[in-house]
Amino acid sequence: EKTEIALAFLQKVEGVGYKTILYGDKQWLLKDIDLEELKGYDIWLSQAEDIPDYPYHFAMWQYDYDGTIAGIAGNVNMNISFVKYTEK
């Protein structure tokens with residue numbers, strides 16, 4: 001059921017012209033959904049570790065939840081993209 005909900009949401013967002021990506025932590029991605037049904041979507045992995053241990057390809061990685069950036073008050077999530085989405 002979670003896979004069906006995720007797929008319906010991604011399709012709806014795509015249907016109005018936005019690019020989509022499937023966001024989740026390792027456990028959710030591996031145990032709660034069927035990745036085979038969602039294989040057409042890039043993965044944005046949420047795993048605050050020095051080195052992620054997610055066993056599959058992912059396009060983006062959220063590696064910190066308490067980062068700091070000069071000029072921004074408070075903590076921020078830190079992410080890195082391995083895909084140039086402006087060109088995709």
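Colleague: Which exposed residues does the face of H1 turned away from its buried side carry?

Modeller: Exposed here is over 50% relative accessible area, buried is under 20% and partly exposed is in between (1.4 Å probe, protein chains only). On H1, that outward face carries Glu-4, Ile-5, Phe-9, Lys-12 and Gly-15. Before we go on: this is a predicted model, where local features need pLDDT of at least 70 and side-chain atom pairs count only at pLDDT 80 or more, while totals for chains, interfaces and linings use all residues. Residues are numbered from 1 along each chain as its sequence is written, and side-chain values use heavy atoms, with hydrogens and water left out.

Colleague: And which residues of H1 are buried?

Modeller: Thr-3, Ala-6 and Leu-10 are the buried ones. Helices (H or I, at least four residues) and strands (E, at least two) are DSSP runs, numbered from the N terminus.

Colleague: What comes just after H1?

Modeller: Gly-17, with a positive phi of about 100°.

Colleague: How do I read aromatic pairs, and how many does a search of the whole structure find?

Modeller: Rings of Phe, Tyr and Trp (its six-membered ring) pair if their centres lie within 6.5 Å; planes under 30 degrees apart are stacked, over 60 edge-to-face, and the rest tilted. The search turns up 5 pairs. One of them is Tyr-54 with Phe-58, edge-to-face at 6.1 Å centre to centre and 70° between the planes. Trp-61 and Tyr-63 have ring centres 5.5 Å apart and planes at 55°, so that pair is tilted. Ring pairs also link Tyr-54, Tyr-56, Phe-58 and Phe-82 into a cluster.

Colleague: Are Trp-61 and Tyr-63 buried or partly exposed?

Modeller: Trp-61 is buried because its relative accessibility is 11%, whereas Tyr-63, with 30%, is partly exposed.

Colleague: Which side chains make polar contacts with the side chain of Ser-46?

Modeller: A polar contact is a pair of N or O atoms within 3.5 Å; within protein, one must be able to donate a hydrogen and the other to accept it, and residues adjacent in sequence count only if both atoms are side-chain atoms. Ser-46 sits in strand E2 (residues 43–46) and is buried, at 8% relative accessible area. Its side chain meets those of Tyr-23 at 3.3 Å and Tyr-65 at 2.8 Å.
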